[in-house]
Amino acid sequence: MGLPIEIYLNVAASGLLTGLVYGLMALGLSVIFGVVRVVNFAHGEMMTVGMYVAILAFATLGIDPLVMMVPIAAVLFVFGYLLQTGLINPFINRPEHSQFMLLVAVALILVNLQLIVFGPDSQGVRTSYSFDSYAIGPLIIDASKVYAALAAVAVAAALFAFFRFTLLGKAIRACADNYHGALVVGLNVKHLYALTFGLGTACVGAAGAMLVAITDVTPTIGPAYTLLAFVIVITGGLGSMPGALLGGVLIGVTEALGGLLFTPSAKSMFAFGILVLVLLFRPQGILGRKLS
Amino acid sequence: MTAFLQIDNLSKSFSGLKAVQDVSFTVPKGEIVGLIGPNGAGKTTCFNLIAGVYKPDQGTVTLGGRSIGGWRPDQICLAGVGRTFQIVKPFAGLSVLENVIVGALKASPSVTEARGKAKSVLERLGLWHKRNQQASELTLPERKRLEVARALATEPQILLLDEVMAGLRPTEMDTMVSVFRELNASSGLTILMIEHVMRAVMSLSKKVVVLNYGQVIAAGTPDEVTRDPAVLECYLGEEAL
Amino acid sequence: MIRHLLDGVPRRGIALLLVLLAILLAAPYLVGGYVLSVLFLILYFAYVGQAWNIMMGFAGQLSLGHSLYVGLGAYAAAALYVHFGISPWIGLGASIIISGFAGAVIGFLAFRFGVSGVYFAILTIAFAEFARIGFDHFAWVSGSSGLFLPVENYTENDFWNLRGSPAMFYYLMLAMTVAAFLLCHLLLKSRVGYYWLAIRESPEAAQALGINIFKYKMYAVVLSAAMTSLAGVVFAFYYNNLFPEQIFHISRSIELILGPIIGGVGTLVGPLVGAFLLTALAEGLRELMLQIGVEVPGVKQVFYGFCLLWVVMFLPDGVWPPLARLLGLHKTERED
């Protein structure tokens with residue numbers, strides 16, 4: 001390969017920053033699964049909702065996507081909360097595949113409603129700093145990716161802190177550890193589940209607002225992001241919050257380098273390659289606890 | 001008296017907790033052996049080690065002279081071990097008859113023949129009149145009997161029974177006891193049973209093995225065991241003293 | 001053989017099936033081209049639904065990546081025909097082998113390591129997506145610009161090369177659907193069928209009864225994949241064009257499992273009923289939209305989504321079980 005090493009470093013650094021945003025997206029999925037034990041098959045579709053809202057806000061009101069992150073997260077929190085209370089809570093004791101099909105239906109509806117509303121063409125935002133970059137030694141890094149990654153880390157840190165230090169976060173973790181125990185000690189499990197689902201969708205909404213500054217969106221890209229989130233979560237280790245971020249970074253860097261070495265349109269194949277490797281050699285994921 | 005099932009120095013830990021430690025005992029051919037002990041003594045873990053659900057950390061399981069330690073559950077079943085689950089696992093969506101046919105297929109060349117075998121097992125256990133009901137519609141005692149029927153249908157040489165008497169009414173229990181006694185007498189079926197209901201253990205088994213904290217603390221005839229001070233202290237204490 | 005086939009099936013059921021078969025056989029003489037194309041679609045979805053049902057309905061393994069097998073089957077036979085003029089009747093051998101192998105690889109990866117349930121479903125999607133992107137860059141089959149089969153006007157049907165009238169494809173699809181139905185019926189009455197149901201209901205208990213669950217799950221994946229690939233062959237020669245973006249797309253996978261889910265997972269008749277309901281309703285909706293003059297892509301899928309939501313919420317066993325009770329066709333007591 002005739003490319004200078006700086007190119008690889010640049011691409012890897014850019015993949016790392018994108019990967020942190022992916023990580024936040026996957027974190028949402030991981031939190032939902034870890035607590036509610038429901039696989040949010042509409043995860044990527046919810047993220048594209050966040051992306052479109054950010055685009056609309058930018059196009060009509062000129063609001064920066066990173067500012068819109070907060071209201072978008074709030075809107076998706078409410079959406080997630082309502083979805084859990086209205087649709088998913090009645091399904092808690094149903095078989096796994098039945099819950100899964102419920103969310104497949106939600107995904108199908110979401111993705112095609114977006115297709116109807118926004119049309120099939122790809123859209124994006126061009127902020128004032130879209131073409132700015134920072135030079136760090138030999139590296140040249142897009143400013144928008146740096147901001148997005150910083151935002152992702154900040155949100156993830158807030159989520160960690162919430163689960164570790166607040167009473168509500170501890171209550172949610174109690175539900176995750178022992179559903180019946182939580183019921184017995186008088187926790188309102190359904191409410192906590194809904195909160196968790198809301199937090200998960202808020203994460204993915206925020207990730208969407210960040211991602212829109214990095215890449216364009218089409219309505220039909222949703223399922224691909226859902227899959228990417230799964231790949232990241234399985235790679236990083238189910239139920240491990242640091243695992244989701246680590247998996248995001250790993251997949252982000254792999255995809256970026258794979259796209260450079262081959263062709264950008266084939267980059268997701270590398271993510272699937274990692275998935276297969278993980279399933280072969282470490283089925284519980286990189287940071288996952290060994291299953292007995 | 002030849003040992004049919006022989007357990008030697010069997011050990012298993014779960015994340016540091018020693019569930020079964022250095023357990024050894026034998027089950028002679030054609031006998032009924034009881035495995036007793038307080039809750040959490042490691043009885044079911046022991047069963048799962050014999051049946052292949054877990055792989056032993058140490059020790060060997062020998063069946064009829066062949067070492068079967070570390071085999072898969074289905075291989076162990078094919079080797080002649082039938083088992084029931086403490087927490088019953090019926091094929092809920094299938095009928096009672098279909099449940100037992102699945103078991104009977106192990107030793108039958110065709111479905112038709114398996115159906116015939118299933119019929120005789122169900123009749124023996126008094127479930128024939130329920131044959132067309134879905135397993136999910138059965139009461140718990142019926143499900144326990146279905147577990148036994150399914151395991152018996154595989155025509156095992158040794159049957160591992162995990163608390164099949166729990167929750168049965170005295171009359172139901174007597175029926176069950178007589179079924180096992182008759183099976184044992186007529187076909188020489190070897191039985192290893194985990195049981196909390198002392199009446200059933202005492203009336204069926206010639207030999208009893210007592211586990212506590214994952215270790216064998218006593219073994220012998222029911223009389224010997226019930227007089228053993230270690231057993232009295234750890235387990236029968238509240239009941240017997 | 002025939003007696004074995006009819007064993008335990010209610011008389012009225014057989015009568016109804018024969019009437020249905022007679023109507024379907026006569027259909028090309030009775031209806032116009034449009035209705036025939038809808039009937040073809042119904043049979044197509046009934047067939048692939050039946051094939052998918054072997055995995056999910058019988059063996060309990062949720063695959064959400066069945067478009068992989070449709071696509072591999074379609075591409076294998078079509079590429080052999082386009083490049084070497086090999087008849088699809090020979091090419092389908094390649095389709096079966098390639099799809100069966102893909103199924104075996106996925107099954108091996110998943111079942112060896114206890115990847116089950118939802119994770120298994122995700123693995124199947126990942127493989128389908130992998131194939132979609134891979135075929136986009138696969139020059140031998142023209143990548144993302146699509147593989148086209150030569151289309152000419154035929155004066156008569158060339159059955160050997162599957163070039164001909166819609167009616168020919170219709171009868172082919174009908175034959176496949178009937179064959180799949182009978183095969184599944186026989187499988188359910190056989191050892192492997194009992195074992196699959198046992199694995200679906202409780203893998204641990206199945207294993208304790210001497211069933212090698214890995215082996216039987218592999219049988220289910222490979223058979224289901226091979227059967228699905230045949231639908232791909234027909235798809236390729238019926239539509240004459242293949243695009244990775246379309247044939248491997250996840251929405252195709254979801255489309256093909258809607259039939260059996262709506263009809264009733266694990267039932268024999270469910271895939272048929274579901275395919276009929278869904279396709280008929282979707283075509284009705286399309287007609288309605290044409291009448292109103294709205295043409296927006298995505299409406300059909302939103303409709304599918306609501307159908308799925310409704311069925312999953314209110315008819316968890318699908319339409320067929322309650323319908324069967326209504327028709328007096330539910331499992332009758334066997335006289336032993």
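Start with helix 2 of chain B, which gives three residues, the largest share, to the lining of the second largest cavity. A cavity here is a set of points on a 1 Å grid over the protein atoms alone where a 1.4 Å probe fits but cannot get out, and lining residues have an atom within 4 Å of a point. Helices are DSSP runs of H or I with at least four residues, strands are E runs of at least two, and both are numbered from the N terminus.

Before you click further, some ground rules: this is a predicted model, where local features need pLDDT of at least 70, side-chain atom pairs count only at pLDDT 80 or more, and totals for chains, interfaces and linings use all residues. Residues are numbered from 1 along each chain as its sequence is written, chains are lettered from A and ligands numbered from 1 in the order in which they are written, and side-chain values use heavy atoms, with hydrogens and water left out.

**Stop 1: the second largest cavity**

Helix 2 (73-78) and strand 6 (81-83) of chain B are the elements that give two or more residues to the lining. The space inside is about 50 Å³; volume means the space filled by probe spheres set on the points, with grid points joined across faces, edges and corners. By residue type, the lining has seven nonpolar, no polar and one charged. Nonpolar covers Ala, Val, Leu, Ile, Met, Phe, Trp, Tyr, Cys and Pro, charged covers Asp, Glu, Lys and Arg, and the others, Gly among them, are polar.

**Stop 2: the largest cavity**

The structure holds five cavities of 30 Å³ or more, and the largest has a volume of about 70 Å³. To see its lining, pick L29, F33, V39, F230, V233, I234 and L238 in chain A, plus Y119(C). Two elements of chain A, helix 1 (5-36) and helix 9 (222-236), each give two or more residues to it. Which helix gives the largest share of this lining? That's helix 9 of chain A, with three residues. Colour by type and you get eight nonpolar, no polar and no charged.

**Stop 3**

Is V21(A) buried or exposed? V21(A) counts as buried because its relative accessible area is 1% (buried is under 20%, exposed over 50%, partly exposed in between, with a 1.4 Å probe and protein chains only). Beyond four places in sequence, the contacts of V21(A) include A148(A), A152(A), M210(A) and I214(A), where contact means heavy atoms within 4.5 Å.

Next, jump to P242(A) in helix 10 (residues 241-261). At 44% relative accessible area, P242(A) is partly exposed. P242(A) touches F160(A) and L287(A), leaving out residues up to four places away in sequence.

**Stop 4: the chains**

Zoom out. Of the two pairs of chains in contact, A and C share the most contacts. No contact joins chain A and chain B, and their closest C-alpha atoms lie 8 Å apart.

Methods:
1 Å grid on protein atoms, 1.4 Å probe; cavity = no way out; pocket = protein on both sides within 12 Å on 5 of 7 lines; lining within 4 Å.
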